[in-house]
Amino acid sequence: MVKQATRQRILGAAGRRFKKDGIDGAGVAAVMTDAGLTNGAFYAHFKSKEDLVANVLADQLRAQCQSLDALPPGKAGLEMLVRLYLSPEHREQYADGCPSAALLDEVVRRPSATKEVFTGEVVGIVDEIAARLDPTDVEGARPDALALYGLLIGTLQLARALTDRDLSDEVLSAGVDAALKLLG
């Protein structure tokens with residue numbers, strides 16, 4: 001039980017650090033310091049930094065999928081998701097925000113095993129979105145779910161990259177409008 005709690009503490013610290021500094025910009029020593037542990041404790045929980053990266057992505061994306069469950073059912077919950085995801089508050093929350101928006105450009109360059117973990121967890125999120133779009137035809141709703149998820153991530157990434165806050169706010173607003181049109 002203590003080992004699992006320590007592992008979760010490391011995953012949480014690494015997730016925040018990766019999203020803030022980037023995967024390559026965050027060393028094991030910084031992650032372990034953030035977790036309040038020594039470097040030596042790392043290898044009792046993970047084989048390598050890449051093992052940590054894969055586990056962080058899985059943990060963070062599973063948590064994101066579970067947070068969808070807390071929203072109202074159906075399209076009402078998706079509308080709430082869109083408005084929360086494309087909010088100025090989420091834009092500013094690098095460390096505590098969406099792992100996909102913060103790390104997507106780095107995931108592309110990870111080894112295939114890490115990308116497979118990422119893909120599997122994204123499929124779970126997309127399937128949850130599709131089930132809310134059309135519970136009677138989840139497979140048929142999948143293209144719209146993929147488009148919605150991609151729209152959210154790309155819009156947030158662009159809004160975060162802009163130095164002009166008014167333009168960034170405009171990007172978020174336009175993204176909300178486009179996503180709501182997609183929801184019908």
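Among the elements of the protein, the lowest mean pLDDT, 94, belongs to helix H1 (residues 2-21), and the highest, 98, to helix H8 (residues 138-161); pLDDT is the predictor's confidence in each residue, on a scale from 0 to 100, and helices are DSSP runs (H or I, at least four residues) numbered from the N terminus. For the protein, the mean pLDDT is 95, with 100% of residues reaching 70 or more. The model is a predicted one, in which local features need pLDDT of at least 70 and side-chain atom pairs count only at pLDDT 80 or more, while totals for chains, interfaces and linings use all residues. Residues are numbered from 1 along each chain as its sequence is written, and side-chain values use heavy atoms, with hydrogens and water left out.

Two packed helices are described by the angle between their axes and the distance between the axes. Here the axes are lines fitted to C-alpha atoms, for helices over the stretch in contact, and the angles run from 0 to 180 degrees between N-to-C directions. The axes of H1 and helix H3 (residues 49-69) come within 9 Å and cross at roughly 90 degrees, which makes H1 roughly perpendicular to H3 (65 to 115 degrees). The contact (heavy atoms within 4.5 Å) involves residues of H1 including Ile10, Leu11 and Phe18, and residues of H3 including Leu52, Val53 and Val56. By class, the residues of this contact of H1 with H3 comprise seven nonpolar, four polar and four charged, where Ala, Val, Leu, Ile, Met, Phe, Trp, Tyr, Cys and Pro count as nonpolar, Asp, Glu, Lys and Arg as charged, and the others, Gly among them, as polar.

With helix H7 (residues 112-133), H3 has an axis approach within 8 Å and a crossing angle of roughly 5 degrees, and H3 and H7 are therefore roughly parallel to each other (under 35 degrees). Among the residues that meet are Leu57, Leu61 and Cys65 in H3 and Phe118, Val122 and Ile125 in H7. The contact of H3 with H7 has 12 nonpolar, three polar and six charged residues.

Ser87, in the loop between helix H4 (74-85) and helix H5 (88-92), is buried at a relative accessible area of 10% (buried means under 20%, with a 1.4 Å probe and protein chains only). A polar atom of the Ser87 side chain lies 3.1 Å from the backbone nitrogen of His90. Thr155, which lies in H8, also counts as buried, at 9% relative accessibility. Apart from neighbours within four places in sequence, Thr155 is in contact with Leu86, Val171, Leu172 and Gly175.

Note on methods:
Helices (H or I, at least four residues) and strands (E, at least two) are DSSP runs, numbered from the N terminus. Angles under 35 degrees count as roughly parallel, over 145 as roughly antiparallel, 65 to 115 as roughly perpendicular and the rest as oblique. Buried means under 20% relative accessible area, exposed over 50%, partly exposed in between (1.4 Å probe, protein chains only). A polar contact is a pair of N or O atoms within 3.5 Å; within protein, one must be able to donate a hydrogen and the other to accept it, and residues adjacent in sequence count only if both atoms are side-chain atoms.
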